Amino acid sequence: MNTNATTMTKIKPRKNWLVMFIHKLGSPPWFYNFSGKLIPWLWATFAALTIWGLYLGLYVAPADYQQGESVRIMYLHVPAAWMSMMIYGLMAVMSFIALVWRIRMMEILMMSSAPIGAAFTIIALASGSLWGRPTWGTYWVWDARLTSELVLLFLYLGVIGLHNAIDEPRKAARAACLLALVGAVNLPIIHYSVKWWNTLHQGSSISLTGGSSIDTSMLWPLLIMAVAAKFYYGANLLTRARIKLLEQDMRKGWVKNVVKEQTS
Amino acid sequence: MLSVSKINFERYFAPVFQPVSFTLEAGGLLLVTGANGCGKTTLIRVLAGILHPTSGEFSSRTGSMAYVGHHLGIKDDLSVVENLRFMRDFLGTSNRSSEEVMKEVGLTRVSEQLARTLSAGQRKRCALARLLLSNTQLWLLDEPYSNLDQEGVELVDKMLLKHLEAGGACVLATHGAHRPNWQQTENYELISGVAA
Amino acid sequence: MNHAPFIWAAYAVGAVVLLWCGLAPLVRKNTIRRDIRRLIQLEEVERDSHA
Amino acid sequence: MTIEASIDAGGAASTGIEAGAGSMNKAFFALLRRDLLLAFRRRTELLFPVIFLLVVISLFPLGIGPSPQLLARIAPGVIWIAALLATVISLDGLFRSDFEDGTLEQFVLSGHPLTLIALAKIVAHWLVAGLPLVLLSPLLAIWMNLPLDSLGVMIVTLALGTPILSLIGSIGVGLTISLKRGGQLLSLLVFPLYVPILIIATAAVMAASDGLPYTAFLGLLVAGLITSLTLAPFAAAAALKISLS
């Protein structure tokens, strides 16, 4: 019998600025107001960058000597594929924080990211497939990029599916966080094994990302579209997080105040 | 032995019970009472470490705890004696034999039967026998009297008093009228957290 | 082969998915706001009946 | 909201137990023995994944024609995919009964680390569900016209790969165990995670039947086994904790 053993764990408030920031971010009314002010600016930046990027990509940039006009799909496909990977990576970071420190705001951000990441993955798959028809002569080739995007889509659907299947919101979020984390550990392995499998089974074909050197007239629209996609993610993420917050805190005073203010 | 300060547990973003604070000394018995749905089982599960409290602190000075809940943790495909032997080997803290505790709870006659053939009361007795094998100071009992006959109820009381006299402590949740007779008893009425 | 239809189709798919992904939460927001307003009304009625 | 400062749930039950390595060993083997005994008591159920595997494999020649060359070509992939399916079918039983009858709660309270408990159960699961697949593989290889020189590699990949399937699968089971119908969701959760094993294992067998070096692939599988053996039980234990709450 262990009478001497003492279990006593307390978390003392730390003065670390990062913890303080996360703490502040974790205060629902503060987050709600802050994000409410930020969202219109994010949407506006996204719209401006998209228009600029599309103008450069669809009008100014030349056709590729090898792929022809269809290279213009790249300005959509590549940013979407980048976003799909980046969002999953961010979800893994958020999941880690949410699981270790039990921060509800991080759970909300992580679960709000999942549908956006899935949307970008679907765009990457659809645009890659539509690029394949004129280039390879078929809508689907088990190309390394498309295959790992497909597996990534399954990972996203798994996280979303698990979250929706569990009733209790906090439990659902924690389960989804753990799954996202496990998926993130596996993702690099999946990515490289698929890439390697692809070279094993077929010779390298023309890739949508082009060769090693890319002309600046094509690089600029690509980068602008990539930045625009990040603003879309930011705006959409905050919008979704705010709504989730309202839903979860329905019975709390601050939500009632917010709704009352906006009705009157 | 166990000190709890303002612990709270939320489900669907609503508190299950109003914040709970108490201290339990060696030899102390805490009776948790209250209406159905007031969160007795949830509180016990929080104390057991199965659920994580939403807020509040608690510290316990004992290492492990023993717990008898609604799901008894008995394998249907094992006989009574196999169940107890496994738990004894698994916990590895007891100096009593499984035959001895089986005799104490009155299951010797059915010891070779598969657990699935037992009645609800006999299953409860099997779970109580596991309690005797656990050799821990803190017992968490959730409705220990349910499904038991008069003799069984007396058995629980006898076991409990012996445990308390030996310096153990116990948190006991019950909604029934029966109360164990012990001088160091504290009554904690749990209030549902819905009313704000 | 004419590449234009494929390019337009790709951008159309992108636009539809992003629009749907952007507008879906707004629809949800409206239903939640309605729920919260109903909750507030319910509470006010309860408070009046107590008074 | 505030950062919810409170006690660590696992700590309440598990710290303070100064159970030595000996006691933990004893608990590990007690649990392993119990799980094997329980599996033996329900031995007809043990046969289901094996029969499933046989039926699935026998469907392939019926579906795509009995040409020996074609069957030999697809044999590694078919056998491995059938093994994945059979594993996922058997996975649901890994924690289900302990979760439903409250034994898992008792495990949490026992003071032994849940990771160790998860590992014992995974080992038992592999012994009753994974090992039969490995032992059955020569028969499957003959059915699928797999060249006999690559049979050895096939068996080795299955022997190294099926424990990884059980280990990774245990995380998925831990997460879906509290759901009434977790089985369908489970396949969505674990199949994407199985992709690298499928790729490496089939590549090894194909390399062997083409007369190419294959030891590097087996090395990768060993590395995968060691990595999942060290990480998966922790993740499975965390998943079980979440499912219990």
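**The core and its surroundings in chain B**

Modeller: The largest nonpolar core holds 221 residues, and those with the most contacts inside it are A:L178, A:L179, B:A129, B:L140 and D:I79. This is a predicted model. In soluble globular proteins, nonpolar side chains tend to be buried together. Helix α4 of chain A, residues 104-136, supplies the largest share of this core, 17 residues. Chain B takes part through two domains: domain 1 (1-63 + 138-144 + 175-196) and domain 2 (70-136) each give the core at least three residues. The C-alpha centres of these two domains of chain B are 26 Å apart.

One of the core residues with the most contacts, A:L179, can be followed across a chain boundary. Leaving out residues up to four places away in sequence, A:L179 touches A:G158, A:V159 and A:L162, and also D:L175 and D:L189 in chain D.

Now turn to chain B. An open sheet of 5 strands in this chain has the order β7-β8-β9-β5-β10, with parallel pairing. The strands at its edges are β7 and β10 (185-189) of chain B; each has a single partner strand, so one side of each has no neighbour in the sheet. Neighbouring strands here are turned by 15° against each other on average, direction ignored.

Strand β7 of chain B covers residues 65-68, and its partner β8 of chain B covers residues 138-142. The two pair in the parallel sense over 4 bridges. Along this pairing, B:A66 has B:W139 as its bridge partner, and B:V68 stands opposite B:L141. In a regular strand the side chains alternate between the two faces of the sheet. In β7 of chain B, B:M65 and B:Y67 point one way, whereas B:A66 and B:V68 point the other way. All of these residues are buried, although β7(B) is an edge strand.

A helix also belongs to this picture. Helix α1 of chain B, residues 40-48, lies across β5 (29-33), β7, β8 and β9 (169-173) of chain B. This helix runs at about 155° to β8(B).

Chain B has another open sheet, with 3 strands in the order β4-β1-β6 and antiparallel pairing. Its edges are β4 (20-24) and β6 (55-60) of chain B, each with a single partner strand, so one side of each is left without a neighbour in the sheet. The twist in this sheet averages 5° from one strand to the next. Strand β1 of chain B, residues 2-8, pairs with β4(B) over 4 bridges in the antiparallel sense. In this pairing B:S3 stands opposite B:T23.

Finally, consider how chain B meets the other chains. Contacts link 29 residues of chain D with 31 residues of chain B. On the chain D side, α1 (9-14), α2 (21-41) and α6 (103-109) of chain D are the elements that give two or more residues. The largest share, 8 residues, comes from α2(D). By type, the chain D side divides into 12 nonpolar, 10 polar and 7 charged residues. Chain C does not touch chain B; their nearest C-alpha atoms are 12 Å apart. No contact joins chain C and chain D either, and their closest C-alpha atoms lie 19 Å apart.

Notes. Residues numbered from 1 in each chain as written. Chains lettered and ligands numbered in written order. Predicted model: local features only at pLDDT ≥ 70, side-chain atom pairs only at ≥ 80, totals over all residues. Domains from an automatic or database assignment. Buried ≥ 20, exposed ≤ 12 C-beta atoms within 10 Å, placed from the backbone. Pairing = 2+ DSSP bridges. Axes fitted to C-alpha atoms, helices over the stretch in contact; angles between N-to-C directions. Contact = placed C-beta atoms within 7 Å. Nonpolar A, V, L, I, M, F, W, Y, C, P; charged D, E, K, R; others polar. Core = buried A, V, L, I, M, F, W, Y, C linked by C-beta atoms within 7 Å.
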